[in-house]
Amino acid sequence: MKVLAGEMLTKNRFLSKMSSRLILFLIPVLGILLTAVFVFLNITGLIWSVESKTETLLNAYLSDYSLKVKEYFDGVAAQSIRFSRNVSTLIESELEAKGISFSNLNDDPKGIAELENKVYGIAEQSLYGVSASGVFFILDVTANTKIENAELNKSGMHIKIGSVNNPNPINPPLYLFRGAAELAWQHEIIHHNHWKPEFSTKEYDFFDIIKENSDENLVKNWYVSPVIDLPLTWDDAAFVAVPIYGSDGEFFGVCGFEISKVFFMHAHTLSASEFSNISGLLSLREEDKLRSDKGLESGAYGRQSVSVSDSILLAKPKGVLTSYSDGLDNFIGIGEKIQLSPLDGDNKWEITVMVLESEYNAQTRDQRLLIYLLLVLVTAVSVLASILLSIRYVQPITAGLAMIRKGGTERTNIPEIDDLLDFLAEQDAMREKKGIKVEESSPVVANYSSFMSSLDTLTSREREVFDCYIEGMTAMEIADQRNISLSTVKFHNRNIYTKLNIGSRAELLLLASMMQNAEIQE
Amino acid sequence: MKKSISLLLVISLIMTLLLSSCSKTPKEPVLLTMWHVYGNQTDSDMNELVDEFNKTVGKDKGITIQVTMLANSDYIHTALVDAANGVPGAGSLPDIFLAYPKTAVVIGTDLLLDWNEYFTQEEMSEYLPAFVEEGIIDGEQIVFPMAKSSEVCFINNTVFRRFSADTGYTLDDLLTWEGMFEVMEEYYNWTDEKTPNAPYDGKAFMFYDSPFNFVQFTARQLGGSFFQDDKIAFDDPIAKEAWSLWAKAAAAGHINLQYGYGTTQIMTGEALCEIGSTASIAYFSETVIYSDNTTDPLEVVVVPFPVFRDAEKSAVQRGTGLCAIAGDKAKEEAAAEFVRWFTGIEANTEFCLRMGYMPVKNAAYEAFFAGGFEQIEAADQRSLFESIAIMYRDYSFYPSPLFDDYGQLHDDYVVEMREILRPYQTAGTIDLDTVGNDTWIELENRLGG
């Protein structure tokens, strides 16, 4: 109980000190400062809008990516249409020169090879005029109608560029994937290791889609096929295909360009300074799944380039964004529908940009942490500054007061203290003038010798308290310092006053001051 | 007072550290672009291994390897040289690529990483010395051995059985050059006789993927050399003899001189035998496809590289190695990480068995041949490795010479050789006694300068 009372006294004493009060006064200032910082963070959107900032960024990337992809496929389609018209003209002139109909090419391997050889030059030039990984034309005839599954076989030519990373070298390596064997020898290109002389419409299934649409208007009859798993090759590819019609409307076949997954990735890089792992994906939407195995991708960092052929992404809404998972990694992104060609039909293309969820989480966490740490830093610095300011501000004042208490008259350069000194000097002067100067013959002075002689009668405890008074401490401070109660101090006071024969604290201090002066003079 | 200032400084320091650590981005992923030769345009076992690396070690260490070109070594050579020389449209060099030392020499070894910076001598001693030495250029390990091969004969055994039944020649006859030339002539006649009304339309028996190797290694087996310094030894009778053997057989139509690879010639029925890299095994299909879209089953059997009777058994040491572009430390470290993983016993042995190569580490190499190859299911692959085992027991292996213009000389030789000899193949009757000499002079006129 005694200890508790002491603690309370200490606390009160601390709180009543000038420096402590100043700190308390500065706290509202700190509050105002923090509020200002908080309002600033809110207004600038730094604190609450980490997700919406990412959403805005991803939306911007999506718009840009979507526009580029759309323009790209339109461009390839335009080149395909030009290619189709050229092939059509060449077929008609070849048929006319030989005096045969198109269907006469069936069961004529030599005639087909000659036609393919004629078209080769146009095909190669068309390929160099477009950004694609391969060129093809499929003719609606076969070299052998008598073999099993002959109805699926179609002649034609499919040339692939070997350097998918860079389709525009002066002499790209060309591979004959489909077409008469002699084409490769005549044009000194390499047979693809899984070369075949003819196409199978089972593999190139878009042939039937375009044939069945039977629309001679090429502008309305072009098609972007989902990615086809080309048998025994590593670079699966999508195709932009248009029909080849004769001038009389006879269907000759289909032609266009191949866009392999790896080629597309290199031709349409997607990078963002905000994310090191951003990916763009053009895929087929099937309910809550994105068939990336049927689509094309950009941005090599987040998802592996070659290993995604069997990848299907599961899409789940996550706030304003969407969460995607391919079983190996999770992504956060945003997507929208896109129409690639007039014959999209059941192909629900979706274009998406996404970042690795771990990177997204790390980024949002970092941003928040940064803001919180900034606030903590501002608070800590402000509190410390308050303490330092208080100490520096109050210290000269307390020093000045202590100097006055000891009878000093030195100027302090603190106007208020100097005013006090002046005031005390004036008071002394007035007292002197009124004859109330402290005379040696005054009762107090007369009492000095008895005071000095009585000092020895004080007990050690009383002497301690007496010394505290001489040091200028108040009763409360003595109680606090000596860890005794105020009533104990008063008990000692009474004894001290009685033994020293003094009547007030002022008299005590006066006699003590005389005693100190005498000691100094000695 | 001092305490307060110290406290303020400490808090500021802690906050600075905290802020700097929280704003620090995670380690940047390293993307390595790669050009390689393993698999060409087929399903590539190398690509599968790269995928496996990306998903395991690569994922842990933030390394992604992306294959951006898969082509034969000749094309990669051209593409690298073009990229290094800034040829328009050639694009930039890949971070890592498979190439022969000749390619590294042409593009400049100062561009390339010295693997010794990342591999200690102790580590390098784990690799077969001959394979390591082949990749040392001017004292630096510029080309790192990844897998090695030699040349063997691949035979369409489906047709050879019929030929053998009619003529009595067997696969053993193909083990010597003397036997090989006899078989080639007999096969031409055998096929020619099938169309009595069309003379001189017999078929070539052999296709040699790297015809420059024929003259080099037959000259070596005959005890000489096809080169003098960095040129063809036109004054050397052994070099001339090696050329004459080739020229006579080619002029007579016994050797297929088409552009491309022997696998395609076999698969289109245009040749019965391919001499080529052991790695060709990966590129055969199971059928021969003819121009009318009909097919025949294709059974491939492999015999060792032919040698002259009583000559030293020697063959070429082939196989590209890995080079890396120097300069970017993160990429260099990532490349070294991949090499360590790929040449590790497990991955390397698996790759070699699938692709027809030999592993490069001593331990893997010894284990590779010690166990036999009965466990290999595919008969053609089993046949290949049995032949390789014979060769590595009995043969000496030599890499192609490494001089500055070797690559250019190689390309020029192949082009000129075809141009000189192709007209003979369609000329009907020819005087085989003079072909060797005449064409040697013509070759010297074209390449001797």
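## A buried salt bridge in chain A

The side chains of A:K160 and A:E258 form a salt bridge, with a distance of 2.8 Å from N to O. A:K160 belongs to strand β2 (residues 153-161) of chain A and A:E258 to strand β8 (residues 251-260) of chain A, so this pair ties together parts that lie 98 residues apart in sequence. A:K160 counts as buried, at 0% relative accessibility. A:E258 is likewise classed as buried, at 1% relative accessibility. The model described here is a predicted one.

## Other salt bridges

Over all chains, a search of the whole structure finds 34 salt bridges. One of them joins A:K68 to A:D64, whose closest N and O atoms are 3.3 Å apart. These two residues are separated by about one helical turn, because they stand four residues apart in helix α3 of chain A. A:K68 is partly exposed, with a relative accessible area of 46%, and A:D64 is also partly exposed, with a value of 36%.

In chain B, the side chains of B:K329 and B:E117 meet in a salt bridge of 3.8 Å, N to O. B:K329 is located in helix α13 (residues 329-342) of chain B, while B:E117 is in the loop between α5 (101-107) and α6 (121-124) of chain B, so the pair connects parts that are 212 residues apart in sequence. B:K329 is partly exposed, its relative accessible area being 49%. Returning to chain A, a network of salt bridges links A:E94, A:K98, A:E114 and A:K118.

## Helices of chain A

A:S66 is situated in helix α3 (residues 50-98) of chain A. This serine is buried, with a relative accessible area of 10%. Leaving aside residues up to four places away in sequence, A:S66 touches A:E336, A:I338 and A:I351.

In helix α12 (residues 475-482) of chain A, the buried residues are A:E477, A:I478 and A:A479. Just after this helix, A:N483 adopts a positive phi of about 60 degrees.

## Surface patches

On the surface, A:L401, A:L420, A:F423 and A:L424 make up a nonpolar patch, and together they have about 310 Å² of accessible area. Helix α9 (residues 415-433) of chain A contributes the most to this patch, with three residues. A:L424 is placed in helix α9 of chain A and counts as partly exposed, at 34% relative accessibility.

A patch of negative charge on the surface gathers B:D229, B:D230, B:D404 and B:D405. Of these residues, B:D404 is found in the loop between β17 (396-398) and α17 (406-425) of chain B. B:D404 is exposed, with a relative accessible area of 60%.

## Chain B as a whole

The secondary structure of chain B consists of 18 helices and 17 strands. Along its principal axes, the C-alpha trace of this chain spans about 115 × 50 × 45 Å. Chain B has 449 residues, of which 56% count as buried. Where contacts in chain B join residues at least 6 apart in sequence, 73% of them are between residues at least 24 apart.

Chain B exposes about 18,500 Å², and carbon and sulfur atoms supply 50% of this area. The chain carries 30 positive and 68 negative charges, whose mean positions are 9 Å apart. A buried residue of this chain is B:H410, at 10% relative accessibility, and its place is in helix α17 of chain B. Residues up to four places away in sequence being set aside, B:H410 touches B:D74, B:K102 and B:F212.

Terms used. Residues numbered from 1 in each chain as written. Chains lettered and ligands numbered in written order. Predicted model: local features only at pLDDT ≥ 70, side-chain atom pairs only at ≥ 80, totals over all residues. Heavy atoms only, no water. Buried < 20%, exposed > 50% of the residue type's maximum accessible area, 1.4 Å probe, protein only. Contact = heavy atoms within 4.5 Å. Areas by Shrake-Rupley, 256 points an atom, 1.4 Å probe, with all protein chains shown as cover. Lys, Arg positive; Asp, Glu negative; His and termini not counted. Charge placed at Lys NZ, Arg CZ, Asp CG, Glu CD. Patch = residues over 30% accessible without salt bridge, like charges linked within 9 Å, V, L, I, M, F, W, Y side chains within 5 Å. Salt bridge = Lys/Arg side-chain N within 4 Å of Asp/Glu carboxyl O.
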